[in-house]
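Biologist: Before I rely on any label attached to this protein, I would like to hear the rule behind each one. Could you take me through them?

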Amino acid sequence: MYPDGEIPEELDSNSKNPELIRRRFPPVPGELVEFIKNCQRFIIAGHKEPDGDCVGSQLALRSALIRLGKEAVVCSAGPFNRTELKNYKKQFNTGSIDDLIQANKWTDGIKVIIVDCSNIDRIGDIKNQLESYPLAIIDHHSSKYHPESTQDAPVYVDSDAPACTILIHKLITALGLKMTKEEATLMFLGLCTDTGFFRHLTEQNSDVFEAAAKMIRYGASPKKVFRITNGGKSLESRVLMGRILSRAELFYDGKLLISHETLEEYNAFGLKNRDSDHLNLMLMSIEGVEATVTIRQECADSCTVSLRSIDKVNVSQIAASFGGGGHKNAAGLTMKGDISYVKQIMLESFKNIFNC
C-alpha cells in the first residue's frame, strides 16, 4: 500500500513493465501556484452556459482557496439550464461583478482565475468587468488562447485531460491540500459529466481512473453523482428527444447521422428540457454511425450545432473552422442561417472526411 492510501501521481518512468507505462499529466505550473499563494482575493469564472465540469471546477477550487485562508467567490454569466446544476446555481454570483466587489468590501489585490475555457470571450457578458484584473487560466480544451487575455497569465492547459476537474484535482494537491468530501464530489461530478460517466475513456486513461478512485476514497459517491447527472428529467425532455430521434437521417453510407430541433420546438420546450447527453448516446449507438450532427434553431436566422464522433473523426476541427470549439469527439458551434442551410454546410464539411 502507498502512504495514506494514496496512488502516486506519476508512475516510475524507468519501469520496464509495459502495463505500467501511461501518459503523465503535465505538472501544475509553478507560476500558477505562486499566482495563488501571493494573493488574498479571487474571482473564479467559467464559461457561459456552464456544465457539470465547469461548475464542479469552480466550486471545488473556491473551497480549496478558502481552506488556504483566501477569499474567493464564483461567478457565471449563466444560464444554468441543466437540471443537474439547479442546486448549485444559488452559490454563484450571476449579476454585476462591481456590485459583488463592493458587497465584499474588496478594494485591491484581486485576481481572476478562469476555468474550463481558454478564451476570455467565452465567459460571456461578465468579460468586460473581469479583463482588467490579473488572470490565470485552467483548461482542458484544445481551443487556441485569446492572445490578449493570456498575456503574462499563468496558463495550465492539458488538452488530453478528459475534464477540467482533473486539473483542479492536481492543483489542490500542488497547493499542499487533501481534498474534502465536498470537493471530491464536485470534481467527480465534473469528471463524469465530460466523460459520459467514463464511457468515452480508453485503455490509455488508467491515470484518470486512479484519480477517480482517489475522489471516491475521499467521499465521492458514484451512485449519488449518477442520480444527479441522470435523474430529475422532465417528461417534456423525453417528448422532445423523441421528436429529434424521429427525424434523424443517415448519410455517407450510414456513417453520418443528422437531426434537428425546430424553432417552434425550441420556443415550446426551451433549454431547460434539453438532454443532449442522452440524445447523443442514443444517436451514436446506431450501427455504422461514426459521427452525428444535431442542429438546433434558436432564432429565425441562427442555429447552434452539436457535433459528436465515436473515435477517429475529429469534430473539433470542423467546429473550429466555423468559430466553434471543443474536443476531438465532442464539439459545437453557432452558425447564421436556418436548419436547411446549416444542414447543407455540415454535409459538405463531412464530405472529405468520409471520402464521398
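The conversation below goes through the labels in turn.

Modeller: This is a predicted model, in which local features need pLDDT of at least 70 and side-chain atom pairs count only at pLDDT 80 or more, while totals for chains, interfaces and linings use all residues. Residues are numbered from 1 along each chain as its sequence is written, and side-chain values use heavy atoms, with hydrogens and water left out.

Biologist: What makes Glu71 and Arg41 a salt bridge?

Modeller: The rule asks for a side-chain nitrogen of Lys or Arg within 4 Å of a carboxyl oxygen of Asp or Glu. The closest N and O atoms of Glu71 and Arg41 are 3.4 Å apart, so the pair meets that rule. The two residues are 30 apart in the chain, with Glu71 in strand β2 (residues 71-75) and Arg41 in strand β1 (residues 41-46); strands here are DSSP runs of E with at least two residues, and helices are runs of H or I with at least four, both numbered from the N terminus.

Biologist: Why is Glu71 called partly exposed?

Modeller: Buried means under 20% relative accessible area and exposed means over 50%, with partly exposed in between, using a 1.4 Å probe and protein chains only. Glu71 has 30% relative accessibility, so Glu71 counts as partly exposed.

Biologist: Which residues are linked with Arg41 in a network of salt bridges?

Modeller: Arg41 is linked with Glu71 and Asp108 in that network. Arg41 also forms a salt bridge with Asp108, where the closest N and O atoms are 3.7 Å apart. That pair spans 67 residues, from strand β1 to the loop between α3 (97-103) and β3 (110-115), where Asp108 lies. Asp108 has a relative accessible area of 49%, and is therefore partly exposed.

Biologist: How do you know whether Arg296 and Glu298 are buried or partly exposed?

Modeller: Arg296 has 11% relative accessibility and so counts as buried, whereas Glu298, at 23%, counts as partly exposed. These two residues also form a salt bridge, their closest N and O atoms being 2.5 Å apart. By the same rule, the count comes to nine salt bridges.

Biologist: What share of the protein chain is buried?

Modeller: Buried residues make up 49% of the 356 residues in the protein chain.

Biologist: How do you know that contacts join residues at least 24 apart in sequence?

Modeller: A contact means heavy atoms within 4.5 Å. Among contacts in the protein chain between residues at least 6 apart in sequence, 66% join residues at least 24 apart.
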